[in-house]
Amino acid sequence: MNVFTKSIIASLCVAGLCSVPCIASDKNDDDPRAGTISDTRLECYFEPSSQEPASPDSEGFIRRWTLLEPISKPNRSNTVFTDSYLREAFNTEYFPDQFTVVPKDGQKVKVDKQRLRWHSFDSKLYNIKLFRFASNMETDVYGVLFWAVTVVNCEEDIPNVRMSVGSNSASMWWLNGEEAVLLSGDRRMVQDDCCSKRLTLKKGKNIIRGAVINGPGMSDFCVRFVDESGNPVTNYTITNQ
Amino acid sequence: MTAAIALLAATTVSEMSASAQIGEPYIHDPSTIMLCDGKYYTFGTGGGGLISEDGWAWYSGAVRPGGGAAPDAIKIGDRYLIAYSATGGGLGGGHAGKVLTMWNKTLDPNSPDFGYTEPIVVAESYEDEDCDAIDAGLLMGPDGRLWLSYGTYFGFIRLIELDPETGARMEGCEPINIAIDCEATTMMYKDGWYYLLGTHGTCCDGVNSTYNIVVGRSRNVTGPYLDNVGRDMLKGGGKMVIAAGNRQTGAGHFGHYVEEEGVEKMSCHFEADFDRSGRSVLAIRPLLWKNGWPYAGEPFKPGTYEIESERRGYALELAVDFVRMQGGMRGWRRDPNEPLVIIENQKLEDVIDTWPEGDIDVRIGDYMFRPHQRWTITEVPEAGGYLSAPYYKITIEGTDRALAATADKEVITVPEFTGAPEQLWRIEQLTDGTYRIMPKEVPGTDEELVLVSVADSTPSLGKFDFNSDNSKWNFRDH
């Protein structure tokens, strides 16, 4: 089930000046934070994925993702995120078909005793605010492991591009099943923090899979493809399947 | 008391790196350094702060009530405005924050005028919003408008405008987001640019702290603040100002101090000083500028150098006979199979007997790495210091012959260093990377004079002028 409803969609807030996360067009008398800079409702950050293929934004950021409710992975500090720790954490199988599934909105998986649901969203921001995804799902927000999947559709091969990622905190990203980039350590999300080696986005569907781990603090990520000059690649579409 | 402090300073500095402030400079999140009635002050997280008589030796004693995290200070008119947060959620903690401001007529807790006004709340955050209202930073813009940035790694850094008369938030002012995921932000203005400085990296991890200070800039105080590759600080952008080094890790909480045009300094803490049990200490560094971007200079490293005039590129030297080395011109059209020989440098013992025994004048000449041109710079910790560093003696390598200021505002060398104030030198790196060299005292005058080139070959003492290469020198090790 999608967490959004038509009525909620009707009251979606819009991004204001200076990247204020949520300036709602309507005021809510019951919630003094609604429509203010302090608003943290889910609709400030996400809207349901439409049926139409999406495009990267003007800076090439991919905003359409299917996100799994966070897996509990307690860590009191982000300083434990060494390369070896992350390779073990990210290559552990938490649920069936973890490295191959292209999940549908509402699909569920079982991780130990947790039953977790996939949610398909279009982010209203260039980045994906995992923390707010989790807080609005009323799940754990700290000590968590997120999985994200999206599909990039190309009309022809696009060679010599790099997957460019920023994440808070550490993360690993795969393109068509191959590891593309690892962001280790206690990281803040920074645009173009780490890039993959040169890759080819092949004609047809390309599956991007990411895992983001976080102890305390905020969690989010941003992903785009850039060309040899560092300019954003935008000549593809994005779908959930 | 003075002697006791001097002895402590001497003992301390001998055991520590030259880069550290001496005394007991233990602090986290030092506020912008304030000069008040001849003393320097900085406040820190948790309340209280440090006081220094000279800017080099720092001790606990500043008084700042309210606790909380990461204060800042600014002087407006004849009053000091202190901004601080009453809270400090910490990793995984709550984020219901409050930023407050309060005034004081003096920062000297022993003054009868000392007394804080009732704090005023100027910014708040809810428990779970995308901002934690702590870590205040103050800026007086060139137009007399007062700004306060706040926030931490938990979400956005925000900006509000304050009333410079009351310290309260301007009526109708709503916070705006100007960056993400920084800590201890502050701002400065220079040459038409607003600069936003924030701390990135991992806080509070001692010797493993990756804390570092980055900067972005904007033509407008409200942003966007972009880094050197055009990334918005709202997208994590930032150009490095200072990180770990000199056996210190975890640089955080920038503060800007302008002595005068061309002489700027920055303060911060290092979360772990490896020479002080890994404790968090105050650091003061020269602030340099390159292509419109600020960065921290290194602490001056004692050693033996050419002292090169920025004016012509000639070297400061003793006014003694030039002693020619044997050999002369050997040309280049020689037998290529002739074995190469190493020519030894001219040595002090080769020439010192040709030098007068008393005072010797100095001049500026072609650098030939000869003994009369090689100056050894040594800390004199018992002489105290100035904002950031101790005084130095400047002697000819291998001798005790010392550079000295004279009562007629000239420079000479005396045969032995005695510790007299005219033989002590303040060495400060300027914003363009060159240095100014200033005697602690010039006999018979209270004027602050610096070593200058009055001609290509003639040094003297004169007024410092950042816009003249006559006032600038380089220390070259070559």
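In this predicted model, 26 residues of chain B are in contact with 26 residues of chain A, where contact means heavy atoms within 4.5 Å. Together the two chains bury about 2400 Å², and 53% of that area falls on carbon and sulfur atoms; buried area is the accessible area, taken with a 1.4 Å probe, that two parts lose on being put together, summed over both. Of the area that chain B buries against chain A, 25% comes from Asp130(B), Arg231(B) and Lys235(B), more than from any other three residues.

The model being predicted, local features need pLDDT of at least 70 and side-chain atom pairs count only at pLDDT 80 or more, whereas totals for chains, interfaces and linings use all residues; side-chain values use heavy atoms, with hydrogens and water left out. Residues are numbered from 1 along each chain as its sequence is written, and chains are lettered from A, with ligands numbered from 1, in the order in which they are written.

Three salt bridges are found across the interface of chain B and chain A, a salt bridge being a side-chain nitrogen of Lys or Arg within 4 Å of a carboxyl oxygen of Asp or Glu. One such pair is formed by the side chains of Arg132(A) and Asp130(B), at 2.6 Å from N to O. Across the interface of chain B and chain A there are also 14 residue pairs in polar contact, both residues at pLDDT 80 or more; a polar contact is a pair of N or O atoms within 3.5 Å, where within protein one must be able to donate a hydrogen and the other to accept it, and residues adjacent in sequence count only if both atoms are side-chain atoms.

On the side of chain B that touches chain A, β12 (156-162) and β13 (176-180) of chain B each supply at least two residues, and β13(B) gives the most, with three. Strands (E, at least two residues) and helices (H or I, at least four) are DSSP runs numbered from the N terminus.

Elsewhere in chain B, five strands form an open sheet of mixed pairing in the order β1-β5-β4-β3-β2, with two strands counted as paired if DSSP finds at least two bridges between them. The edge strands β1 (22-23) and β2 (34-36) of chain B each pair on one side only. Two bridges join β1(B) to β5 (residues 57-62) of chain B, and these strands run parallel; the bridge partner of Ile22(B) in β5(B) is Ala57(B).

Ser169(A) lies in the loop between β6 (158-168) and β7 of chain A, while Pro224(B) is found in the loop between β16 (212-218) and β17 (239-242) of chain B. In the loop between β1 and β2 of chain B, Asp29(B) has a phi near 60°, a positive value in a residue other than glycine. Most residues other than glycine have a negative phi, and most peptide bonds are trans.

In chain A, Ser55(A) is found in the loop between β1 (46-48) and β2 (64-72). Ser55(A) and Ile238(A) are 183 residues apart in sequence, yet 5.8 Å apart in space from C-alpha to C-alpha. Leaving aside neighbours within four places in sequence, Ser55(A) is in contact with Tyr236(A) and Ile238(A).
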